[in-house]
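Here is a short briefing to read alongside the structure. Keep the 3D view open and follow the topics one by one.

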Amino acid sequence: MSLKTTTIKKQERVQRVMQLFERYPVFAIADLKGMKANQLQLLKKKFKDDLEIHVSKNTLVARALKEMGFRDLEAVEKYLSGPNAFVFSKKNPFQMYLMFEKNKVESAASPGETAPNDIVVTAGNTGMQPGPILSKFGAAKIPTKIQDGTVWIAKDTTVVEKGKVISADVADLLSKLGLKPILVGLKLRMAYDGIAIPGEMLAVNLDEYRSMITDAVRSAFNLSINAAYPTPETISLTVAKAYNEAKSVAIEAGIPIPEIMNELIAVAASRGKALAAEVSKKHPELNL
């Protein structure tokens, strides 16, 4: 390929990236480390209606942003290293993060790979015939038994703990068992929605966040009522509370107003009965 042809193709790629930046208000940079091509294709297919995932060289993306006069280039450039995918969307960055977190792809374990979580084989029939395979189970410290002519795993066993390196023997055994114990997905390193948001800030715990919002709303509601600060949401309860408190004061003070006459009479009758009871104790001859 001639130098001129290479230059033209590079410029075409830059133009393509510029079009994506112009088309979408939100973009993110995702770490491609550990992601295989077929797994990326699965994610592209799954999210094709909501996201556009584009793989490009960091240098071409930086060049596209410079040619566009992107105002926050410095904030984005620090993420332009290593294997990256560029995700474009009209969804907010936090939704994008959750979409990738909830849609990881099952993958076979590879020798030398670090286990992202405990890898567990469950008890049951492997369908394998007894033979040399038993030595692999033994090496992986997986208890087995022979039943009905096949190898059974005797109990659920953690073969690799989270953070430990997967050995070649264990990877081979997991493959023979047909297991894909690794969940891989795109990890957003940053997202941009008018400002650059670091990936660690995108990891919102929705349940915790929802609980915090609920507590804040409840506290604000109570404060508004107790402080008699009228808002559209609390005015009816504030008025009801004030009315009941005013009634209590009027009853206690014995103020005869139409709204509380029944209560006043009831209180007077009750107090009269109590007084009569006390007097009767001292003067039973009065027969009150």
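This is a predicted model: local features need pLDDT of at least 70, side-chain atom pairs count only at pLDDT 80 or more; totals for chains, interfaces and linings use all residues.

The crossing of the two helices is right-handed.

**Where helix 9 meets helix 10**

- Helix 9 brings Phe-221, Ser-224, Ile-225 and Asn-226 to the contact, while helix 10 brings Leu-237, Thr-238 and Lys-241.
- By type, the residues of this contact are three nonpolar, three polar and one charged.
- The loop between helix 9 and helix 10 holds Ala-228, whose phi is near 55°, a positive value in a residue other than glycine.

**The nonpolar cores**

- The largest nonpolar core has 42 residues, and Val-87, Ile-166 and Leu-186 have the most contacts inside it.
- Not counting residues up to four places away in sequence, Ile-166 touches Ala-109, Ser-110, Pro-111, Gly-112, Glu-113, Ala-115, Ile-119, Val-160, Ala-171 and Ile-182.
- A second, separate core has 22 residues, including Met-18, Ala-62, Leu-80 and Met-190.

- Leu-202 belongs to helix 8 (residues 199–202).
- Is Leu-202 buried or exposed? Its relative accessibility is 1%, under the 20% cut-off, so Leu-202 counts as buried.
- Neighbours within four places in sequence aside, Leu-202 is in contact with Pro-93, Phe-94, Tyr-97, Leu-188, Met-190, Ala-191 and Ile-197.
- Leu-202 and Lys-10 are 192 residues apart along the chain, and 32 Å separates their C-alpha atoms.

**Helix 3 and its cover**

- Which residues of helix 3 (residues 58–68) are buried? They are Asn-58, Leu-60, Val-61, Ala-62, Ala-64 and Leu-65.
- Among the elements that cover these buried residues are helix 1 (3–23), helix 4 (73–77) and strand 3 (84–89).

**A loop residue to look at: Lys-141**

- You will find Lys-141 in the loop between helix 6 (133–139) and strand 7 (144–147).
- Although Lys-141 is not a glycine, its phi is positive, at about 60°.
- With a relative accessibility of 70%, over the 50% cut-off, Lys-141 counts as exposed.

Conventions. Residues are numbered from 1 along each chain as its sequence is written. Side-chain values use heavy atoms; hydrogens and water are left out. A crossing is left-handed if the near helix is turned anticlockwise from the far one by less than a right angle, and right-handed if clockwise. Helices (H or I, at least four residues) and strands (E, at least two) are DSSP runs, numbered from the N terminus. Contact means heavy atoms within 4.5 Å. Ala, Val, Leu, Ile, Met, Phe, Trp, Tyr, Cys and Pro count as nonpolar, Asp, Glu, Lys and Arg as charged, and the others, Gly among them, as polar. A nonpolar core is a set of buried Ala, Val, Leu, Ile, Met, Phe, Trp, Tyr and Cys residues joined through side-chain atoms within 4.5 Å. Buried means under 20% relative accessible area, exposed over 50%, partly exposed in between (1.4 Å probe, protein chains only).
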